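Thank you all for making the time this morning. I would like to walk through one model with you, going from its overall layout down to a few single residues.

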Amino acid sequence: MPELTHFNEQGRAKMVDVTEKTVTHRTAVAAGEIHVSPETMTHIKNGTMKKGDVLAVAQVAGIQAAKHTWELIPMCHPLPLTGIDITFRLSDQPCMVEIKAAVTCTGVTGVEMEALTAVSTAALTIYDMCKAVQKDMRITNIRLLEKHGGKSGDYQSEE
């Protein structure tokens with residue numbers, strides 16, 4: 001069984017020391033979906049939601065979330081991110097917004113959590129922007145699509 005790295009000698013949680021890890025270029029891409037009604041989708045497309053441009057606000061929220069992941073997820077390290085790109089794809093069948101986040105850095109630990117946090121926060125922001133019109137939106141399928149760099153190597157989902 002591999003040694004557990006996130007526990008100290010007393011069996012309590014600790015943040016792993018990454019001091020000796022090699023600096024490499026690291027990237028991660030995550031995705032998720034928020035399923036909405038046709039009425040909500042029309043408002044998103046037409047920019048007629050009362051709170052403003054849904055996707056513009058969600059994009060900024062996702063970027064901010066990636067930059068602050070270390071403040072939200074207890075064992076994450078603060079990272080000097082070098083790039084964050086949030087994209088949206090609107091679908092009418094099924095009626096949803098697909099969110100993708102690509103995050104990069106040159107550092108000693110990966111950016112998977114930053115990409116996943118960006119997607120989650122963008123989806124939550126879409127919910128917040130649209131909840132006056134629809135309360136039963138569903139946020140689903142948040143997942144890591146790929147990651148590159150670091151000791152554990154590359155990962156590509158089967159999608």
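I will begin with how the model should be read, then turn to the fold, the helix packing, the core and some individual positions.

What we have here is a predicted model, in which local features need pLDDT of at least 70 and side-chain atom pairs count only at pLDDT 80 or more, while totals for chains, interfaces and linings use all residues. Residues are numbered from 1 along each chain as its sequence is written, and side-chain values use heavy atoms, with hydrogens and water left out.

The protein has four helices and five strands, where helices (H or I, at least four residues) and strands (E, at least two) are DSSP runs numbered from the N terminus. Along the sequence, these elements come in the order β-α-α-α-β-β-α-β-β. Taken along the principal axes, the C-alpha atoms fill a box of roughly 55 × 30 × 30 Å. The accessible surface comes to about 9300 Å², with 55% of it belonging to carbon and sulfur atoms; areas of this kind come from the Shrake-Rupley method with a 1.4 Å probe, and for residues only the protein chains shown count as cover. Of the 159 residues, 38% count as buried, and by buried I mean under 20% relative accessible area, with exposed being over 50% and partly exposed in between (1.4 Å probe, protein chains only). If we take the contacts with a separation of 6 or more, residues 24 or more positions apart account for 70% of them, a contact being heavy atoms within 4.5 Å.

Let me move to the helix packing. Two packed helices are described by the angle between their axes and the distance between the axes. For helix α2 (residues 54–67) and helix α4 (residues 112–130), the axes come within 7 Å and cross at roughly 145 degrees; the axes are lines fitted to C-alpha atoms, for helices over the stretch in contact, and angles run from 0 to 180 degrees between N-to-C directions. On the α2 side the contact includes V54, L55, V57 and A58, and on the α4 side it includes T121, A122, T125, I126, M129 and C130. By class, this contact has twelve nonpolar, four polar and one charged residues, counting Ala, Val, Leu, Ile, Met, Phe, Trp, Tyr, Cys and Pro as nonpolar, Asp, Glu, Lys and Arg as charged, and the others, Gly among them, as polar.

How many residues does the largest nonpolar core have? It has 30, and those with the most contacts inside it are I44, V54, V97, I99, I126 and C130; such a core is a set of buried Ala, Val, Leu, Ile, Met, Phe, Trp, Tyr and Cys residues joined through side-chain atoms within 4.5 Å. The elements giving two or more residues to this core are β1 (24–35), α1 (38–46), α2, β3 (95–107) and α4, and the largest share, nine residues, comes from α4. Leaving aside neighbours within four places in sequence, V54 is in contact with I44, M49, I126, M129 and C130.

A31 is found in strand β1 and is buried, with a relative accessible area of 0%. Not counting residues up to four places away in sequence, A31 touches I99, K100, V119, N141, I142, R143 and L145. E98, in strand β3, is also buried, at 14% relative accessibility, and beyond four places in sequence its contacts are G32, E33, T87, F88, R89 and R143.

In the loop between α4 and β4 (138–148) we find M137, which counts as buried at 8% relative accessibility. Leaving aside neighbours within four places in sequence, M137 is in contact with I34, H35, V36, Y127, C130 and K131.

Two backbone details deserve a look. Most residues other than glycine have a negative phi, and most peptide bonds are trans. N141, in strand β4, has a positive phi of about 55 degrees although it is not a glycine, and N141 is partly exposed at 41% relative accessibility. The peptide bond from Q93 to P94 is cis, with omega near -5 degrees, and P94 sits in the loop between β2 (81–92) and β3.

Finally, H6 lies in the segment before β1 and is partly exposed, with a relative accessible area of 35%. H6 and V16 are ten residues apart in sequence and 5.8 Å apart in space, C-alpha to C-alpha.
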